[in-house]
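Colleague: I have a model open beside its sequence, and I would like to learn how to read it feature by feature. Could you walk me through it?

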Amino acid sequence: MKDWFSKGSVSDEKSVELVSNLKEFQEDKEENSGDSNDSFHNKQILVGEEIETCVSSITIKSSEIIQDISSDIHEPTPSSSTSFETFFQLINCNDPPSWPPITDSVRVYLVTQELDQGKDADFSKSMSDDGRRFSPYWFKKTLPNNEVIDRNWLIYSKNSKAVFCFPCCLFKSNTLKTASIACTNEGFSDWKNINRILDHEKSADHRNHFLQWKSLENRLKNSQCIDDKLQKAILLEKDRWRHILRIILDAILFCTKNNLAFRGSSTTVGNKHSGIFLNLIELLSKYDNILKQHLVNHNKGAISYISPKIQNEFICLLGQTVRNKILSKIKKAKYFSLLFDCTPDVSHNEQMAEVIRYVDIDNGKITVEESFIDFINTEEKTGDGLAMEILTKLKADELDVQNVRGQGYDNGANMSGKYHGVQAVILNKNNLATFIPCAAHCLNLSGVHAASANVKVQFFFDVIQKIYTWASKAQAVKAMNSQIKEVFKVLQNISDSELNLETKSTAKNLLQLINFDFLCLLNIWNQILSSIDRVNQALQNKSLSLEKASNLLLGLKNGLQEIRDTTMEDNFTNATKVAEELQISTTLKESRTKKRKRLELYETDDDVINISAEKNFRITIIDSIDILLTQMTWRYEKIMEISNDFEFLSGHSLTNMNSHDLQKAAADLGLKYNEDINTAEIVEEIKDFKHAALLILPSIESVTFLDLLQMIHVYKLKESYPNIEIAIRIFLSMPVTTASCERSFSKLKLIKTYLRSTMAQERLSSMAILSIETEIANKLDYEDVIDKFADTKARKISL
């Protein structure tokens, strides 16, 4: 092997010439510091160009050096899948037999690493046939005055079960008397004659090698080596490339966070069809000279790190880095809930969104998170098939299904089916993974059933739909109720205009449908849907707990019951006032008289059912509200059940329940979650926790579960009440809605558009997680990302 860095010799005169040129350029720059501004700038530009040339040559030379060293030690060259730096990282400093042939570059690397003497090894494995073994006593030396010093040169190899002299292995010669301890291939393991270590320690060769070791170590620390200037030039080149890569990563992150398309039809910077990413790089180069020089000097086929392939690699690397950070938080939290939902994308592929809900405790700050993990391209439709894909994905993410404490899906049969749905399959594997139907979907379905229960109500919503071509029922009814006079006037103008016959006919028909019955229904359903919509919006908050959700739903039920019982007269009054202004009849439409079917050939007056129009209207409204309340009662049964299980830990219960009832509720919870909670301990803890919480939080009756958990961590009470802390974490990790999955679908439609319909799945998932989890993406350390990129890809220029 060529000795590239040996003392007193330089294998390539060009390297010396380059270093000398750099020095001359620096001296010229200092001499011209007193010139005029123009001449100074001109000289500075000239020097910059020359330095660029020198650095490029140095970079080429460093690549040749690396290639030569790599070929001699039979390791992959930089053009293979393993970089030169990665090769050095594979050297085990504790095991000299595994070292490559000692060259200056290898010697420098070993000296700069922290020496592992093997003091933590299991020395019983070094036992020889005669029963003797190495003792850690030999790592220290006792002086005549009983002072003890370390033998920091001695290495015990954990793999070879022998001891080595580190400096002698680095600077060995053929004149050593105790060759075994200085030989990297053998080592010393004759424990019967271990006193020979003392003889070696006293030898002149050992002392010389020890001095050489320490001298080299000091020179490296103080940058006094012969190739220091060359190394500094190479480091400058590395810094330049890292600077360029940081800008590229910023540009990529900007595009992904804003869901922008990267590429155009051209891959040339400056071309008007080059796309957003390259245009952004061109824009940034106007304010960054290093990037500008990089783009100016870039030739076709040279390294640029802005090609489409590299863009995809960086996108996937950034996405995986964010995903790993989220997964590490989930593993730290231990308990989590699953949120999955499916939707077709623009290319008609079924995309299943994976969202995990967990409690994040970071530096004493506690938050409930619902983090997006991935989009899964699935072709499964059955519950069993989807469940297998979910379990496979959890295994790939290294998440234990036994730590799942909740499942949140929509009400589709393949997801929520009692026997073969996804929830049933996962529940069979973990009986604590409680399924909680999406509260927002349940509320929506309850409203749909109530609106379709009566023909008159169905007809009312049909009219709304005709006026508002597409809108949610709540928004359409609210707008119609607040602007009914304006709508009525517009329809009158259209019907009297000279527009085409079909438009005029439609307007006249709608005018006839806006009668007193319509106004009464409009008023009452505006109240019902407004109440539902407010609760529905609140349920979609990702940090909402089951405690708050159950309170919101209970409040909604009470509000609907009040509308059913007391607000009917006010409804008629308001509708009458509007009808008079619109000059519409204030009489409800009489329904057709119904007769009972009888077998006799005659009829009496009692056979006819006479119900007034007003009473019939009341029956219609009451029937719809009763259906709505009934639907809510059974659809939210699971939410209420779980909320009741943990209710004793709420501030209200701690204030008003006696100790006996609290202990009974705690025992029931401990029996249900016996794998997580010690029943006997939580029963004892709840007695003291009641009084501690009342003292710390005077207004405890209004505090939430999140406030209680925050109190436990702020006042360092976890050690005293561990089971209560676990119970609160489990409760807060329970899902309420799948709204986070729905929000991810909105991002999906922005990222995978008609013009980007062929996007690969990995790129789609990575762009989605960077766009959704922007808070984590903004905190990424680019240096770590660049290091990972350099480790996974072999490059011509070492990063």
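**Reading the model, one feature at a time**

Modeller: Gladly, and let's start with one side chain: R323 is buried, because its relative accessible area of 6% is under the 20% cut-off. Keep in mind throughout that this is a predicted model.

Colleague: Where does R323 sit, and what is it in contact with?

Modeller: R323 is part of helix 12. Beyond its neighbours within four places in sequence, R323 is in contact with I373, D374, S765, S766 and I769.

Colleague: What about the whole protein: what share of contacts joins residues 24 or more positions apart?

Modeller: Among contacts with a separation of 6 or more, such pairs account for 69%. The secondary structure comes to 34 helices and 11 strands, and buried residues make up 46% of the 799 residues.

Colleague: Now a lysine. Is K752 buried or exposed?

Modeller: K752 is buried, as its relative accessible area is 5%, under the 20% cut-off. K752 lies in the loop between helix 31 (739–751) and helix 32 (761–772).

Colleague: Which side chain does the side chain of K752 make a polar contact with?

Modeller: The partner is D345, at 2.9 Å. Setting aside residues up to four places away in sequence, K752 touches D345, V346, S347, N349, Q351, S757, M759 and L764.

Colleague: How many residues of helix 21 are buried?

Modeller: 18 of the 24 are buried, so helix 21 is largely enclosed by the rest of the structure. Look at its N-terminal end too: N515 caps it, with a side-chain oxygen 3.3 Å from the backbone nitrogen of D517.

Colleague: And how should I describe two helices that pack together?

Modeller: Packed helices are described by the angle between their axes and the distance between those axes. Here, helix 27 (residues 659–672) and helix 28 (residues 679–696) pack at an angle of about 145 degrees, with axes 8 Å apart. The crossing of helix 27 past helix 28 is right-handed.

Colleague: Which residues make the contact between helix 27 and helix 28?

Modeller: Helix 27 supplies S659, L662, Q663, A666, A667, G670 and L671, and helix 28 supplies T679, I682, V683, I686, K687 and K690. By class, that contact has seven nonpolar, four polar and two charged residues.

Colleague: What is phi at Y305, and is Y305 buried or exposed?

Modeller: Y305 is not a glycine either, and its phi is positive, at about 60 degrees. Y305 is in the loop between helix 11 (289–297) and helix 12 (308–333). With a relative accessibility of 3%, Y305 counts as buried.

Colleague: One more polar contact, please: what joins the side chains of D104 and R107?

Modeller: A polar contact of 2.6 Å joins them. D104 is found in helix 4 (residues 104–112) and counts as buried, because its relative accessibility is 14%.

Colleague: And which backbone oxygen does the side chain of S416 reach?

Modeller: The side chain of S416 reaches that of N411, at 3.4 Å. S416 belongs to helix 14 (residues 413–416), and its contacts beyond four places in sequence are D410, N411, Q423 and F435.

Terms used. Residues are numbered from 1 along each chain as its sequence is written. This is a predicted model: local features need pLDDT of at least 70, side-chain atom pairs count only at pLDDT 80 or more; totals for chains, interfaces and linings use all residues. Side-chain values use heavy atoms; hydrogens and water are left out. Helices (H or I, at least four residues) and strands (E, at least two) are DSSP runs, numbered from the N terminus. Buried means under 20% relative accessible area, exposed over 50%, partly exposed in between (1.4 Å probe, protein chains only). A polar contact is a pair of N or O atoms within 3.5 Å; within protein, one must be able to donate a hydrogen and the other to accept it, and residues adjacent in sequence count only if both atoms are side-chain atoms. Contact means heavy atoms within 4.5 Å. Axes are lines fitted to C-alpha atoms, for helices over the stretch in contact, and angles run from 0 to 180 degrees between N-to-C directions. A crossing is left-handed if the near helix is turned anticlockwise from the far one by less than a right angle, and right-handed if clockwise. Ala, Val, Leu, Ile, Met, Phe, Trp, Tyr, Cys and Pro count as nonpolar, Asp, Glu, Lys and Arg as charged, and the others, Gly among them, as polar.
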